Amino acid sequence: MTDVLSPLEFDQKHLWHPYTNVTKPGPTFVVKEAEGVHLTLEDGTRLIDAMSSWWCMMHGHRNPAITGAIHQQLETLPHVMFGGLTHHAAIDLGRKLLEITPASLTRIFYCDSGSVSVEVAMKMAVQYQHAMGHVGRSQFATIRSGYHGDTWKAMSVCDPDTGMHHLFQGALSVQHFVSRPPIRLGEEWNDDPAKNGLEELRRVLSAATDQIAGFILEPVVQGTGGMYFYHPEYLNQARALCDEFGILLIFDEIATGFGRTGQLFATGHCAVEPDIICLGKGLTGGHISFATTMTNDRVATGIGNGQPGIFMHGPTYMANPLACAAAKAALDLLTGQDWQSRVATISSQMRTELAPARALPNVADVRVLGAIGVIEMTHQVSADAAHARARDMGVFLRPFGKNIYTMPPYVTTPDQLSQITAGMLRLAQEL
Ligand SMILES: *Cc1c(COP(=O)(O)O)cnc(C)c1O
């Protein structure tokens with residue numbers, strides 16, 4: 001027999017974790033089970049999951065409505081290929097999605113994960129341009145500080161400085177970057193294009209019109225790239241510029257979708273709709289990986305009427321029935337409750353309880369939008385150091401870059417939320 005490793009030793013020796021050095025594993029907690037907002041560790045410690053497990057577990061872990069839907073689906077049709085076949089789980093979810101997403105988005109492509117949905121969106125844009133006779137349009141414009149996933153094409157539109165561009169330089173497609181929208185959410189809009197970022201956007205789009213297929217960005221909230229909230233008027237005017245130059249507008253709502261920003265979709269903060277939208281993360285309430293790319297009739301029929309007509313994508317697990325059933329249940333849960341007041345209540349409590357952080361010496365900014373609460377520090381915060389301290393406070397927090405943040409599950413009670421904000425304040429004081 002080879003040496004017998006404990007489960008954690010095995011994990012540390014053999015399993016890669018996200019963005020880690022497999023030869024120098026950081027502190028890692030073994031989670032035994034989860035329910036509602038709580039994670040239970042092997043030693044019985046219970047932690048509030050203030051991250052909603054990377055922003056997707058909005059209705060709480062092991063939500064009975066969602067696990068019930070998965071169980072039921074498991075009994076009849078766990079999976080079937082989607083080529084030449086369809087099923088009620090996909091159709092029922094499709095109906096639900098059409099009910100709640102921006103009205104012009106009528107065509108649905110189901111896929112496996114957020115990054116894949118971005119790949120699909122970018123492919124759609126290129127195929128559409130090709131079908132319109134613009135065969136040179138295969139590049140993209142985007143704003144700095146964005147994050148769109150870890151696959152190749154998605155990575156090419158992530159922030160070129162904080163993303164992985166250095167490392168993969170040469171392997172990534174050339175894209176066109178503009179500054180992130182300079183006017184923040186809540187600040188007064190400035191119509192001067194030199195001040196609101198639109199002069200620069202116009203310059204970039206007009207200089208490379210023949211190369212650019214689409215303009216992709218996270219509407220209103222840039223998540224991983226810095227938890228930055230910007231003025232939605234930028235999006236209204238970007239829509240007009242895209243139309244002027246024949247460029248498709250792509251909203252990546254993988255982080256902002258399903259009520260997180262206080263609107264059902266961040267698109268709801270502005271007056272326009274995108275040509276393509278990417279949804280993921282909260283789609284199944286965090287119970288199983290799933291995503292979707294939706295587009296309008298213009299793009300769908302444009303691709304369909306062009307050459308080769310067919311859309312060139314089709315994952316093996318496309319429209320997986322278990323994922324569809326989970327998503328339908330999660331969306332029913334969301335829209336079946338007064339989610340808007342729930343998010344508003346979480347928002348105002350976070351505003352009150354995080355405000356004292358402004359007085360701390362190393363805090364650069366405190367901001368809250370919907371169920372997103374952020375304490376931005378003046379320096380990078382170590383996630384590993386944060387884990388141990390937050391754990392003492394009964395909370396699981398994983399800061400990123402300079403940001404100590406929470407995206408609590410919507411089912412978080414006021415007392416639990418106070419525990420989260422107290423944990424964040426302590427991290428801001430001590431790290
Ligand atoms: C998380 C995220 C992605 C990537 O989704 P995965 O499911 O991790 O592939 C893409 N875009 C945004 C805005 C995200 O927050």
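Helices here are DSSP runs of H or I with at least four residues, numbered from the N terminus. The model is a predicted one.

**Helix H5**

After helix H5 comes Gly 133, which has a positive phi, near 90°. H5 itself covers residues 114–131, 18 residues in total. From its first C-alpha to its last it reaches 25 Å, close to the 26 Å expected at 1.5 Å a residue. Of the 18 residues of H5, 14 are buried, so the helix is largely enclosed by the rest of the structure.

**Aromatic pairs and charges over rings**

A pair of aromatic rings is described by the distance of the centres and the angle of the planes. A search of the whole structure gives seven aromatic pairs. One of them joins Trp 55 and Tyr 405: the ring centres are 6.0 Å apart and the planes stand at 85°, so the pair is edge-to-face. Trp 55 belongs to helix H2 (residues 52–55) and Tyr 405 to strand S16 (residues 403–406), so this pair ties together parts that lie 350 residues apart in sequence. Trp 55, at 5% relative accessibility, counts as buried. Tyr 405 is likewise buried, at 3% relative accessibility.

Tyr 230 and Tyr 234 make up another edge-to-face pair, with 6.0 Å centre to centre and 80° between the planes. Both of these tyrosines are buried.

Two arginines lie over aromatic faces. Arg 180 is placed over the face of Tyr 228, 3.7 Å from the ring centre. Arg 367 is placed over the face of Phe 229, 5.8 Å from the ring centre.

**Cysteines**

How many disulfides does the structure hold? The count is zero. For Cys 111, the nearest cysteine sulfur is that of Cys 278, at 7.7 Å, and Cys 111 is in no disulfide. The cut-off for a disulfide is a pair of cysteine sulfur atoms within 2.5 Å. Cys 111 is buried, with a relative accessible area of 1%. Cys 270 is also in no disulfide; the nearest cysteine sulfur, belonging to Cys 242, is 12 Å away. Cys 270 has 13% relative accessibility and counts as buried.

**Salt bridges**

The structure holds 17 salt bridges.

| Salt bridge | N to O distance |
|---|---|
| Arg 391 and Asp 43 | 2.7 Å |
| Arg 107 and Asp 297 | 2.9 Å |
| Glu 244 and Arg 202 | 2.8 Å |

The side chains of Arg 391 and Asp 43 meet in a salt bridge. This pair links distant parts of the chain, 348 residues apart: Arg 391 is in helix H14 (residues 383–392), while Asp 43 is in the loop between strand S2 (38–41) and strand S3 (46–49). Arg 391 is partly exposed at 26% relative accessibility, whereas Asp 43 is exposed at 54%.

In the salt bridge of Arg 107 with Asp 297, the closest N and O atoms are 2.9 Å apart. Arg 107 lies in strand S4 (residues 105–111) and Asp 297 in helix H11 (residues 297–305), so the pair ties together parts that are 190 residues apart in sequence. Arg 107 counts as partly exposed, at 39% relative accessibility. Asp 297 counts as partly exposed too, at 36%.

Glu 244 forms a salt bridge with Arg 202. The pair links helix H10 (residues 233–245), which holds Glu 244, with helix H9 (residues 198–207), which holds Arg 202, and the two residues are 42 residues apart. Glu 244 is partly exposed at 49% relative accessibility, and Arg 202 is partly exposed with a relative accessible area of 37%.

Is Lys 96 buried or exposed? At 8% relative accessibility, Lys 96 counts as buried, the cut-off for buried being under 20%. Lys 96 is part of helix H4 (residues 88–100). Leaving aside residues up to four places away in sequence, Lys 96 touches Lys 328, Leu 331, Asp 332 and Thr 335. A network of salt bridges links Lys 96, Glu 99, Lys 328 and Asp 332.

Conventions. Residues are numbered from 1 along each chain as its sequence is written. This is a predicted model: local features need pLDDT of at least 70, side-chain atom pairs count only at pLDDT 80 or more; totals for chains, interfaces and linings use all residues. Side-chain values use heavy atoms; hydrogens and water are left out. The expected span of a helix is 1.5 Å times one less than its number of residues. Buried means under 20% relative accessible area, exposed over 50%, partly exposed in between (1.4 Å probe, protein chains only). Rings of Phe, Tyr and Trp (its six-membered ring) pair if their centres lie within 6.5 Å; planes under 30 degrees apart count as stacked, over 60 as edge-to-face and the rest as tilted. A charge sits over a ring if NZ of Lys or CZ of Arg is within 6 Å of the ring centre and within 35 degrees of the ring normal. Contact means heavy atoms within 4.5 Å. A salt bridge is a side-chain nitrogen of Lys or Arg within 4 Å of a carboxyl oxygen of Asp or Glu.
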